Amino acid sequence: MSLIHIENLSVHAGSVELLAPISLTVQKGERLTILGQTGSGKSLLAQAIMGNLPASLRAEGDVRLFEQRVNAEERQAFWGKQISMLPQEPWNSLDPLMGAKQQLAQTYHLVAGEGAAQAQQSADYTLALQGLQESGHKRVDQLSGGMAQRVAIACAMAGGAPVLLADEPTKGLDVSRRDQVVEQLMTQSEQGALITITHDVAVARQIGGRMMVIKSGELLEEGNAEDILNAPQHAFTKALIDADPVNWADETRDTRYGEPLISVQDLSIGHGKQALTRHLNFTLHQGEVVGVVGDSGCGKSTLGDTLLGVHKALGGKIERHSNAPLHQWQKLYQDPTAAVSSAVSLRTLLNDMVSLHNIDRSRIAPLMQQLGLSDDLLNRNSEGVSGGELQRFCMLRALLLEPVLLFADEPTSRLDPITQREVSQLLVDVAKQNGCAVMLVSHDPAMIHKRCDRVISLSQ
Amino acid sequence: MLALSTTQKSGLALLVLLIAYALCAPLLQAGDATTQNLSQILTSPNADYWLGTDHFGRNMWLRLAEAMQLSLMMAALCVMTSAIIGVTVGVLAATRAPWFDRVMDGIVTMILALPGLVLVLIFAAIVPGSFWVLYVAISLIQWIEYFRISRAITQRLTQSPAVQSSKLMGFGEWYIFRRHYFPAIMPQLFTIAAFGAANAILMMASLGFVYVGIQPPLAELGLMIVEHFPYYSDAPWLLAQPLAALALVVLACQLMGRGKAL
Amino acid sequence: MCPLHARKLCLLSFVTFMALNLNATPTESNTVKINAAFEFSSIDPSRSGYVFTRMQVLETLLNVDEKGALTAGLASDWEILEQGKRWRLTLRDDVVFHNDTPMTAASVVAALNIAKEKPGAWQGVPVQAIKAVSDHQIDIELTQAYQPLGAILANYASSILAPEAYGQDNVATQLIGTGPFSAYEVTVPHRLVVEKFDQYWGQKAQIEYARYLTGHRAEARVLQARSGQADIVFGLDPAALPTLKRLPNLEVVRSDLPRTLVVKVNAGQAFLSPVEARQALSYALNRQGIAMAVLRSPESATAQILPPYMSDWYVANSDMSQDLEKANALLAGLGWQKNSDGWLEKDGQVFEIDMITYADRPELTTVATAIQDQWKQVGVKLNVNITNSSAIPAGHADDSLDTALIARNYGSIASPLGTLIKDMGQAKGGDWGTMNWSNSYVQSTLTELLSEADASVFTQKAQRIAQAIYDEKPLIPVAYYVQQTAVNKRLEGFRFDPYERSFFLNELTWVK
Amino acid sequence: MRQLLLKRLLQLIAVSWGVGTLTFILMRSLPGDMAYRIAASRYGMDAVDSRAADIVREELGLDQGALSAYWQWFTDLLSWNLGNSLVSGAPVSESLWHMLGHSLLLAGAGMAIALIIAIPLGLASAYWGGWLDRALLTASTVMRAVPVFVIGLLAVIVFALEWNLFPVAGFGTPAHLVLPALTLALSLAAMSNRVIHTEAKRVFGSSFYEFARMKGLSTWQAFKHHGIRNIAVPVVAFLGIQLITVVEGVVMIESLFSWPGIGHGLAHAIFARDIPLIQGAALMMGVMFVVLNTLVDIACHYLDPRGGRIA
């Protein structure tokens with residue numbers, strides 16, 4: 001008996017078709033993964049199935065739940081009890097004023113119909129299952145991304161809905177957290193069915209089951225997850241799979257490097273009195289590319305600020321062997337839109353810097369050409385360009401200052417996989433050519449392994 | 001420079017219309033706002049008195065224009081002074097030593113302790129009838145609004161990557177203010193300024209109502225409403241004119257203040 | 001079911017309860033609601049006794065009729081002995097205080113001795129001693145004859161309270177008087193409720209209760225009258241008269257007062273010291289326009305400070321019409337030339353003067369605004385400054401005052417002589433009178449009139465003083481102060497006292 | 001929580017001292033001789049003259065040095081004895097309590113009615129929107145464009161005069177409270193219903209509200225458990241900010257309806273130059289203002305455990 005059966009379901013905004021007609025069937029115990037780039041209409045499909053499209057959009061085609069043909073309103077009766085959807089940002093989908101346990105118990109009580117006392121017990125039990133027993137009283141702002149995600153999933157499942165629809169469940173999570181969440185999704189929906197929507201190939205590989213690939217509203221491929229991942233037919237699917245750092249080709253790099261640039265003895269860094277990491281010892285040489293890894297919150301960014309002199313070190317010594325002026329120790333930021341003022345065009349920002357340090361204008365054109373930046377792009381402001389282009393503009397500004405050190409703080413984590421690969425490759429090559437040392441920070445060990453000469457791990 | 005929403009544009013249009021009336025009215029009719037004609041009191045609008053005459057037989061067309069000029073001038077002066085003071089002190093409080101911030105916070109709490117109107121009431125009672133004391137009193141109260149907003153925005157921005165990267169690139173304080181702080185403050189500034197102008201006019205009118213504001217024969221909207229109130233049954237249009245003028249000028253300012261439909 | 005007679009019984013008790021209850025507490029139907037502009041800052045008669053005499057709680061030994069002649073009050077009659085140095089008053093023997101104790105000579109002497117120490121009416125009265133001659137007669141001995149003593153005894157500052165009414169240092173703390181109404185509820189500074197007093201010696205009141213409420217804002221008082229929330233409203237703003245007169249439920253009573261709107265001029269001030277300048281300013285006034293358009297009572301315009309019915313002090317031929325040519329001619333004669341923007345100027349100085357007035361009386365601000373524009377026609381720049389009434393005596397004391405618009409009451413002490421002496425008796429003039437006006441004849445003659453017994457000589461001297469005031473214009477009169485009162489038609493028998501001493505509540509009756 | 005109260009207590013002390021000194025300095029510098037002004041309000045308009053002013057001056061010791069007067073005032077303040085009114089002689093604190101009672105009654109009634117008007121309208125316009133939303137927007141904009149005393153004047157003309165339903169001014173029966181409270185309520189509701197509308201729209205459109213529906217809660221359940229509290233937090237914070245408008249409105253409305261509250265008393269005291277009453281009234285208003293703000297802080301703290309209150 002098919003839990004969900006959809007025929008020619010499409011989504012339209014007025015006359016524009018956002019999602020081409022699509023049909024699918026999910027049997028009991030089956031898992032379906034929908035893979036695609038961000039913004040390719042995947043979320044619209046999930047909302048169309050659930051029946052909670054925004055007012056301005058309308059869906060066509062029919063949806064059968066548990067063999068019953070139901071329109072959008074009728075489907076609301078199924079919510080929580082028969083079918084349940086987990087939204088993209090879990091930390092936004094929990095009530096900011098209520099404790100985690102209270103929200104969970106509430107769902108048991110009101111949706112599953114358990115008595116008040118019974119609901120409290122079920123909540124305690126589920127939280128313990130997730131290893132969150134002692135953070136039951138905490139509110140969303142006191143939970144980490146992973147913890148919030150696990151609470152949200154528990155809430156979604158508390159209603160006892162056999163079918164679970166997960167929309168980008170792992171977005172913004174560390175690698176270790178990501179595997180844990182996917183594991184939980186699979187165990188929770190063993191008897192029912194699981195439809196997962198993601199752009200992360202690793203997640204798709206971990207879930208297995210059947211898979212569909214979508215690009216800008218079009219269904220490209222459909223079939224068994226194993227077959228598609230190992231032998232993708234469509235070019236786009238292939239590019240998507242190759243973008244996963246694990247599949248990046250190993251290039252040979254000249255790992256030569258020059259004189260020592262900056263060395264650190266028994267350094268401890270942190271904010272105020274609370275040290276995040278202690279006893280750091282390393283020496284960075286000119287033109288060397290060093291990776292920095294560690295769990296989120298272990299002080300990766302603080303290390304950069306301390307090295308660049310923005311923060312004071314809590315202990316230990318930093319020694320600079322080069323007397324390059326202050327503006328030659330540069331930093332690349334995780335979110336380029338926050339690092340560039342949107343008040344004026346990029347050209348004005350560039351001219352500001354050129355006139356401040358009277359940089360030789362002839363060096364701009366070759367560098368822009370190498371970074372793949374077109375001239376008319378400079379006429380727009382920071383909000384008028386894509387994330388990748390803006391990051392490359394930041395690199396242009398930094399390199400024009402002939403930096404000796406470039407501290408890149410997760411420069412590509414906000415970009416989609418394909419651009420991620422191009423930008424990280426570009427960063428390393430251009431830095432090497434200009435003899436500039438790079439410290440690359442990332443939470444993705446695979447990417448660090450592929451790009452860096454050596455790795456420093458910040459452990460607790 | 002500033003993308004104005006439709007509501008803001010309609011507000012601006014209304015304001016321009018009112019300014020035009022205030023400035024051009026004296027050119028269109030001879031005479032001045034204070035000449036009395038005791039044999040022609042309370043005449044309703046007719047050919048030679050376009051807006052009729054008040055209880056002294058004074059030409060309402062000119063008197064309303066003069067009152068409007070006074071209100072608009074007060075609003076403009078108050079907004080400019082309080083904006084300049086508020087933003088400068090706000091940015092300094094956020095960027096300079098913490099003790100400066102605490103001192104300013106103390107002063108602000110002191111002034112906020114008493115509702116603005118009471119403070120202005122006392123000031124106006126000291127030097128009754130002087131435009132400049134009113135202007136100082138109202139600006140003294142209104143700069144706090146600008147101070148708090150610009151300090152909050154600047155505090156948030158000082159930690160932002162944009163400012164940090166500008167500092168790393170060696171840019172100076174003034175550049176950071178011009179490129180980062182001011183563009184962020186600007187939209188909020190415009191909203192507060194618009195509402196500030198409206199409040200300044202309302203406050204001056206309220207003082208006129210309590211007989212503290214302006215001395216005769218100067219025309220002021222609030223005082224006119226009080227003077228014309230006894231005639232509301234036999235010359236309703238006389239009371240309606242200052243009421244409508246006051247409402248329109250305040251409405252225009254408030255519409256300009258509202259970006260999205262609040 | 002409750003038997004028939006039982007039901008009749010409870011119905012009867014209910015009705016009696018209602019009747020009893022009816023006059024036990026003030027209700028809408030048994031209370032006259034009065035609204036006026038003046039607060040009473042305390043119970044002490046010297047401070048705001050005028051409210052309590054008007055509400056007929058307190059009474060004085062002598063009263064005054066409409067013509068201003070003294071009549072009997074708590075004292076049945078009085079005689080002046082030893083050429084005015086001894087006043088003997090015979091007291092009524094049937095007067096009872098509100099605390100049911102009889103009024104005796106001793107209690108009257110005690111009250112008067114307290115009153116004469118307090119500022120106000122009793123100032124400057126040469127009192128030797130006040131003593132009880134018998135249990136119904138008292139004597140007031142003076143060091144020298146003082147003709148206005150009768151008027152002072154009729155003034156609210158000399159009202160008679162029971163000895164128990166006075167607290168420590170002789171400040172009254174309870175309102176125990178002798179009037180037809182006793183104090184039922186007093187809330188300083190703006191609410192007083194009085195109750196009918198059955199043992200009153202004179203005409204007993206028909207109204208059970210009367211409530212006095214202060215309404216500061218002139219337009220608020222007008223609204224009270226319009227909406228019927230107040231039965232009698234004093235001090236109506238002239239601007240509202242046309243509308244009030246059209247209302248069916250109330251009647252507007254117009255009454256002349258011995259109070260005049262006068263411009264007090266500082267004759268010592270450089271621009272204003274020459275007589276011609278003051279005369280010019282007087283000619284520049286359009287008194288008819290002000291009376292008709294601002295005061296809404298066309299016939300109240302006047303060029304003299306005292307009303308016609310005070311014949312001794314009224315000059316026969318006085319011209320009050322506006323004459324701009326004569327005014328300009330007089331000013332030009334003094335060397336004033338109009339400069340480019342129309343103001344008079346002489347050797348570099350613009351003819352610019354201030355006028356102080358106060359907002360408590362609604363008419364003053366509007367009349368001042370009218371004068372400002374009229375003097376502008378002749379080139380005089382007048383700055384109107386609306387502050388508190390105390391600024392005028394303060395300005396007089398430190399000579400900083402140029403002009404002031406005041407509403408001077410010449411009838412507060414029955415005969416105007418007492419007030420005239422206060423206003424013009426000294427060289428510097430008086431707080432509310434002339435200022436730095438040097439006319440020795442007026443000063444000396446005024447004090448002589450104090451002890452002038454011969455009526456024809458009194459009139460001849462008074463006329464000369466009145467003529468001097470009219471010619472030299474130390475005070476420029478504008479108009480008589482017309483008191484407009486709104487009276488609800490559910491009341492009958494309202495009479496207005498020109499000397500503002502009593503509301504005559506005991507003569508009021510409900511319209512049946 | 002304790003830290004919050006401590007900060008407010010400190011503010012209370014600073015306010016009392018600051019307001020007191022400020023009014024003291026301002027009033028000493030008032031033009032016109034104080035003795036004359038007090039004599040005028042004591043002995044009536046016509047009886048005031050320099051002799052009466054001299055008596056007042058030496059009776060109240062008005063010509064003692066400013067500094068000694070200030071020190072004497074300061075010691076009185078510590079013992080919460082605000083001295084006697086120069087005009088009526090009654091102790092200031094006594095008449096102030098009387099006035100404060102009236103002002104709080106008016107402010108309380110005004111705010112209560114404002115909420116009764118604003119909450120249903122705000123929520124309804126957020127939930128259904130459409131023509132109701134547009135109608136409310138225009139009405140609120142017009143109401144905010146007009147000063148509070150004009151609303152009062154119009155209310156008087158319509159209710160008191162044309163329909164003769166309510167008394168025009170004064171106090172006593174509950175009917176007297178209706179018009180002033182209604183005027184204050186209208187001027188407050190004009191602002192608060194738009195704030196409630198915006199906050200309700202934000203909550204209805206937020207993802208946690210949608211997820212609550214997704215979890216299986218009915219519309220009513222979602223609103224009851226998640227809607228009300230999340231809307232209440234910013235609205236209560238706004239009420240704190242709106243207190244300024246409440247107090248200013250009260251001053252204007254009291255002088256229009258001659259309602260014997262603190263605002264009316266203060267305005268009147270300023271004209272009579274009755275310094276102790278002015279200091280008492282300004283002080284009482286400052287204290288009332290800080291206390292009301294503290295109450296709002298406490299309410300916000302319990303509503304929003306995160307403790308963050310919009311400045």
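Colleague: Which residues of chain B does UniProt place under "transmembrane region"?

Modeller: An annotation of this kind comes from a record, and the coordinates can then be set beside it. This is a predicted model, and the UniProt entry is unreviewed. For chain B, UniProt gives residues 70-94, 106-126, 132-149, 189-214 and 237-257.

Colleague: What is the helix content over residues 70-94 and over residues 132-149 of chain B?

Modeller: Residues 70-94 of chain B are 100% helix and 0% strand, with the end C-alpha atoms 36 Å apart. Residues 132-149 of chain B are likewise 100% helix and 0% strand, and there the end C-alpha atoms are 26 Å apart.

Colleague: Which residues of chain D carry the "transmembrane region" feature in UniProt?

Modeller: The entry, again unreviewed, lists residues 9-27, 104-129, 141-161, 173-192, 231-257 and 277-296 of chain D. Two of these spans can be checked against the model. Residues 104-129 of chain D are 92% helix and 0% strand, and their end C-alpha atoms lie 35 Å apart. For residues 173-192 of chain D the figures are 95% helix, 0% strand and 29 Å between the end C-alpha atoms.

Colleague: Back to chain B. How many helices and how many strands does chain B have?

Modeller: Chain B has 9 helices and 0 strands. Along the sequence the pattern reads α-α-α-α-α-α-α-α-α. Taken along the principal axes, the box filled by the C-alpha atoms of chain B is roughly 75 × 40 × 30 Å.

Colleague: How is a pair of packed helices described?

Modeller: Two packed helices are described by the angle between their axes and by the distance between those axes. Take helix 2 (residues 60-95) and helix 9 (residues 236-257) of chain B: their axes come within 11 Å and cross at roughly 30°. Angles under 35 degrees count as roughly parallel, so helix 2 of chain B is roughly parallel to helix 9 of chain B. The crossing of helix 2 and helix 9 of chain B is right-handed.

Colleague: Which residues of helix 2 of chain B meet helix 9 of chain B?

Modeller: From helix 2 of chain B they are M60(B), L64(B), A67(B), M68(B) and S71(B). Their counterparts in helix 9 of chain B are Q241(B), P242(B), A245(B) and V249(B). By class, the contact of helix 2 with helix 9 of chain B has 7 nonpolar, 2 polar and no charged residues.

Colleague: At what angle do helix 1 and helix 9 of chain B cross?

Modeller: Helix 1 (residues 6-28) and helix 9 of chain B cross at roughly 145°, and their axes come within 7 Å. The crossing of helix 1 and helix 9 of chain B is left-handed. Helix 1 of chain B contributes residues including T7(B), Q8(B), L15(B) and L18(B), while L248(B), V249(B) and M256(B) are among those from helix 9 of chain B. The residues of this contact divide into 10 nonpolar, 4 polar and no charged.

Colleague: How far apart are the axes of helix 7 and helix 8 of chain B?

Modeller: Helix 7 (residues 173-209) and helix 8 (residues 221-228) of chain B have their axes 6 Å apart, at an angle of about 35°. The crossing of helix 7 and helix 8 of chain B is right-handed. Among the residues in the contact are M204(B), L207(B) and F209(B) of helix 7 and L221(B), I225(B) and V226(B) of helix 8 of chain B. By class, there are 8 nonpolar, 3 polar and no charged residues.

Colleague: Now the chains together. Which chains have the most contacts between them?

Modeller: Of the 5 pairs of chains that touch, chains C and D have the most contacts. Chains A and C have no contact, and their closest C-alpha atoms lie 51 Å apart. The contact of chain A with chain B takes 15 residues from chain A and 12 residues from chain B. On the side of chain A, strand 15 (329-332), helix 11 (336-339) and helix 12 (346-356) each give two or more residues. That side of chain A has 11 nonpolar, 3 polar and 1 charged residues.

Colleague: Where in chain B is confidence lowest, and where is it highest?

Modeller: Confidence is best read by chain and then by element. In chain B the lowest mean pLDDT, 76, belongs to helix 4 (residues 116-126), and the highest, 91, to helix 2 of chain B. Chain B as a whole has a mean pLDDT of 84, with 94% of its residues at 70 or more. In chain A the mean is 81, and helix 12 of chain A has the highest mean among the elements, 89. Chain D averages 80. For the model, ipTM is 0.75 and pTM is 0.78.

Technical notes
Residues are numbered from 1 along each chain as its sequence is written. Chains are lettered from A and ligands numbered from 1 in the order in which they are written. This is a predicted model: local features need pLDDT of at least 70, side-chain atom pairs count only at pLDDT 80 or more; totals for chains, interfaces and linings use all residues. Two residues are in contact if their C-beta atoms, placed from the backbone, lie within 7 Å. Helices (H or I, at least four residues) and strands (E, at least two) are DSSP runs, numbered from the N terminus. Ala, Val, Leu, Ile, Met, Phe, Trp, Tyr, Cys and Pro count as nonpolar, Asp, Glu, Lys and Arg as charged, and the others, Gly among them, as polar. UniProt positions are given in the numbering used here, feature names are shortened, and annotations may be inferred rather than shown by experiment. pLDDT is the predictor's confidence in each residue, from 0 to 100. Axes are lines fitted to C-alpha atoms, for helices over the stretch in contact, and angles run from 0 to 180 degrees between N-to-C directions. Angles under 35 degrees count as roughly parallel, over 145 as roughly antiparallel, 65 to 115 as roughly perpendicular and the rest as oblique. A crossing is left-handed if the near helix is turned anticlockwise from the far one by less than a right angle, and right-handed if clockwise.
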